[in-house]
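Open your viewer and get the selection tool ready.

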Amino acid sequence: MANSSPRAVGVMGGTFNPIHYGHLVTAEEALVAFDLEQVVFVPAGHPWQKDQDEVAPAEDRYLMTVIATATNDKFHVSRIEIDRPGPTYTIDTLRGLKETLGGDAELWFISGADGILNIITWKDPEAVLREARFIAATRPGYDLDRLEKELPSGFEDRVSILEIPALAISSTDIRRRVRERRPLRYLVPEGVARYIEKRGLYGGGAPST
Ligand code: NAP
């Protein structure tokens with residue numbers, strides 16, 4: 001008999017500027033804790049709320065995400081936001097992914113708690129909260145009261161908090177380390193560190209040819 005229960009699929013949304021071990025640990029923890037079938041990483045194409053000078057080209061962030069996830073069979077990377085022109089809106093991504101994955105896919109959008117709790121500033125926040133459940137990743141000690149204050153009322157149960165100690169690693173710190181020529185070892189996968197160096201990203205020097 002065909003199995004009619006929904007397939008829980010993680011959608012790991014982020015700028016990944018660059019991807020680091022905190023993101024990878026988050027995705028793995030969510031996979032296990034919420035019994036997800038797979039996690040699809042979705043690097044943001046054009047993060048319209050960010051200072052563009054700080055953001056590496058979309059294709060570079062996509063390739064670093066592919067490199068970082070290559071050894072995990074349950075991790076996949078989508079180009080859906082990279083290939084879509086114009087600003088990145090999560091509502092368009094969730095609808096696009098549902099079309100690709102099929103009607104039985106139940107989406108779990110995983111991202112940083114700070115970002116998710118600003119959902120009220122996103123395009124169509126209530127539609128976004130209807131299209132997916134949310135996993136807000138945070139380091140331990142996060143103020144959970146913010147959940148009730150900042151989510152539209154009636155949607156509080158659509159967001160779960162996942163504590164991830166490894167989120168002490170941050171993309172901001174990694175970019176600073178590159179500028180200051182400090183090591184990235186054990187913060188990002190080796191291939192990602194090599195890619196940053198080779199392409200001269202984040203003010204780390206001229207790209208090698
Ligand atoms: P952000 O505001 O740059 O990140 C906020 C915090 O969350 C940072 O500490 C960040 O750490 C962390 N974080 C980001 N992605 C994470 C992930 N997947 N797992 C764990 N921690 C994560 O967030 P962002 O990267 O720009 O955006 C996050 C997602 O929200 C993206 O998919 C973006 O497209 C979506 N978004 C949508 C709208 C909209 O639809 N209008 C608006 C804003 C954001 P790091 O800096 O170390 O990553």
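How much space lies in the second largest pocket? About 300 Å³, a volume being the space filled by probe spheres set on grid points joined across faces, edges and corners. A pocket here is an open set of points on a 1 Å grid over the protein atoms alone where a 1.4 Å probe fits, with protein on both sides within 12 Å along at least five of seven lines; lining residues have an atom within 4 Å of a point.

Before going on, note that this is a predicted model: local features need pLDDT of at least 70, side-chain atom pairs count only at pLDDT 80 or more, and totals for chains, interfaces and linings use all residues. Residues are numbered from 1 along each chain as its sequence is written, and side-chain values use heavy atoms, leaving out hydrogens and water.

Now select Arg 182, Leu 184, Ala 193, Arg 194 and Glu 197, the closest to the pocket's centre among its 16 lining residues. H8 gives the largest share of that lining, five residues. Helices are DSSP runs of H or I with at least four residues, and strands are E runs of at least two, numbered from the N terminus.

Next, click Ile 196. Its contacts (heavy atoms within 4.5 Å) include Leu 184, Met 64 and Val 178, not counting residues up to four places away in sequence.

Last, select H3, residues 90–101. Its buried residues (under 20% relative accessible area, 1.4 Å probe, protein chains only) include Ile 91, Leu 94, Leu 97 and Leu 101. Show E1, E2, E4, H5 and E5 too, as they are among what covers those buried residues. Just after H3, Gly 102 takes a positive phi of about 100°.

Conventions
Expected span 1.5 Å × (residues − 1). Buried < 20%, exposed > 50% of the residue type's maximum accessible area, 1.4 Å probe, protein only.
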